[in-house]
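The sequence and the structure come next.

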Amino acid sequence: MTQIDSCRMQSGAALAWLNSIVGGRLSRHLLLLQSEPGYLLITLPSSDMGIYIESDCATFTQAHSELPCSHWDATTEGWQPALHPPIPAPGTDKIPFPLIERTEKGYVIHYDILGMIYWMLSRQEEVNRSDLDSHQRFPATASHAYKHGYLERPVVDEWFVILAQVVHRLWPRLELIEHTFSMIPSHDVDTPARYGFTSFGRLLFTMAGDVVRRHKPIEALQAPRIWAGSKEMLHSADPFNTFNWIMDVSEQNGITSAFYFICGRTLRSRDANYDVRHPAIRDLMRRIHARGHEIGLHPSYNTYQKPDSIVTEAQELLSICTEEGIVQREWGGRMHYLRWQTPITLYGWEQAGMAYDTTLSYADRPGFRCGTCHEYPAFDPVADKALQLRIRPLIAMECTVMAPRYMNLGSDEAALKKFVELKETCRSVRGNFALLWHNTMLERKQDRILYKNVLEA
Ligand SMILES: [Zn+2]
């Protein structure tokens, strides 16, 4: 490859996108420029000083997970890490000393921080992968971050914390952007009711399950009454109707919840059992909106490779919301089953005019799939193109931590410890702890206690 072909992040769309990322994180006054060969330069328009960052052309344009990985202890050079040292340094097996060198022109950083940021945020690593799970998802276990033990570290954010210190030492009077931690709970509405929205035959089957598998004969006896009473609104006794409780808990914590609705059917066995136009769903949407919480889209199972289908389902949601007088400043959501293929899934959200997507976590392990817990503008590493869409990385789905098929930490102390660790990590880098908790996973008292404790931690 020639230098021009492989130096993607040193020019054009990728450089402009990285410039916007640096500006959004540190200061809009900073400029990211092409510099002498092998370096990118962060500078100020009025300054003849700068931060020269090594920029290696080949490493971070690779779409596999076999890159080397090293670590750097910032404290040995007098810098303050956001988390416990050392910081992972994906993409290199050599960390020189010093890594950050003071020169007469400013600073030189001998690690391709910007290339690493490009690689993590654009999800270049995942392009054209065939090592997928049974839902055709790129699994955590195949990722570089998991293999090198840093999936639970927001490496992009950790390096930005270091970069902020370098900028501050060079230009002490430059005001850097202050970010604040936030907790963002969201809820995919896969099954809004256990007994509503079903045929009578299916109801009998569910009741049999209550008796035989769940050992809840009393609930089974109530089922026909709940089923019959779910025609206009969700029945208050339906065990999956936890929406009011979820909103109560969010309001007690001064935060809002987002509820994502399935608005199409592309695989009957995997998609919702409700029609989004059903009076009970409309009633639920009106109540969510009236209480100041958010409504969003949960594109159905087989849409992740079909941008047109995501557009159609988004139009369906917006049309119902318009009919119900529901107006929101912005719209977003998450893919059902966290199904995602880089870059095609981006275009469904982009073409639907949605503001954000919050799919990107792994189903099999929690943590920082994109290396960050800060929202950022999406980038297509194949077409070399920046998008309007913003990526809001998901940090954990409840069942990833709790369910036997994934981490199997149950509903007690071990699960709480893991959720709180992740939340504290997000707080340390002043990002967002985006948490997915399904309405169906709050049936049991111990799950409600756990959820409340996570929100209050
Ligand atoms: Zn779902």
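A residue is called buried when its relative accessible area is under 20%, exposed when over 50% and partly exposed in between, with a 1.4 Å probe and protein chains only. Helices (H or I, at least four residues) and strands (E, at least two) are DSSP runs, numbered from the N terminus. The model is predicted, with local features needing pLDDT of at least 70 and side-chain atom pairs counting only at pLDDT 80 or more, while totals for chains, interfaces and linings use all residues. Residues are numbered from 1 along each chain as its sequence is written, and side-chain values use heavy atoms, with hydrogens and water left out.

**Domains**

The protein chain is assigned domain 1 (3–170) and domain 2 (182–192 + 240–456); such bounds come from an automatic or database domain assignment. Between the C-alpha centres of domain 1 and domain 2 the distance is 28 Å. In contact terms (heavy atoms within 4.5 Å), 33 residues of domain 1 meet 38 residues of domain 2.

**Helices α3 and α5**

Helix α3 (residues 113–122) and helix α5 (residues 155–170) have axes that come within 10 Å and cross at roughly 150°. That makes α3 roughly antiparallel to α5, a term for angles over 145 degrees. Axes here are lines fitted to C-alpha atoms, for helices over the stretch in contact, and angles run from 0 to 180 degrees between N-to-C directions. From α3, the residues I113, M116, I117, M120 and L121 meet V155, V156, W159, F160 and L163 of α5. By class, this contact of α3 with α5 has 10 nonpolar residues, no polar and no charged ones. Ala, Val, Leu, Ile, Met, Phe, Trp, Tyr, Cys and Pro count as nonpolar, Asp, Glu, Lys and Arg as charged, and the others, Gly among them, as polar.

In helix α8 (residues 243–252), the buried residues are F243, W245, I246, M247, V249 and S250. They pack against β8 (182–189), β9 (258–261), α9 (279–290) and α14 (445–456). After α8 comes G254, with a positive phi near 70°.

M233 sits in the loop between α7 (217–228) and α8. M233 is partly exposed, at a relative accessible area of 46%. Leaving out residues up to four places away in sequence, M233 touches A280 and D283. M233 and I281 are 48 residues apart in sequence, yet their C-alpha atoms are 7.1 Å apart in space.

**Backbone exceptions**

Most residues other than glycine have a negative phi, and most peptide bonds are trans.

Q136, which is not a glycine, has a positive phi of about 60°. Its loop runs between α3 and α4 (144–147), and Q136 is partly exposed, with a relative accessible area of 35%. L338 is likewise not a glycine, and its phi is positive, near 55°. L338 lies in the loop between β11 (332–333) and α11 (344–351). Is L338 buried or exposed? At 3% relative accessibility, L338 counts as buried.

Note on methods:
Angles under 35 degrees count as roughly parallel, over 145 as roughly antiparallel, 65 to 115 as roughly perpendicular and the rest as oblique.
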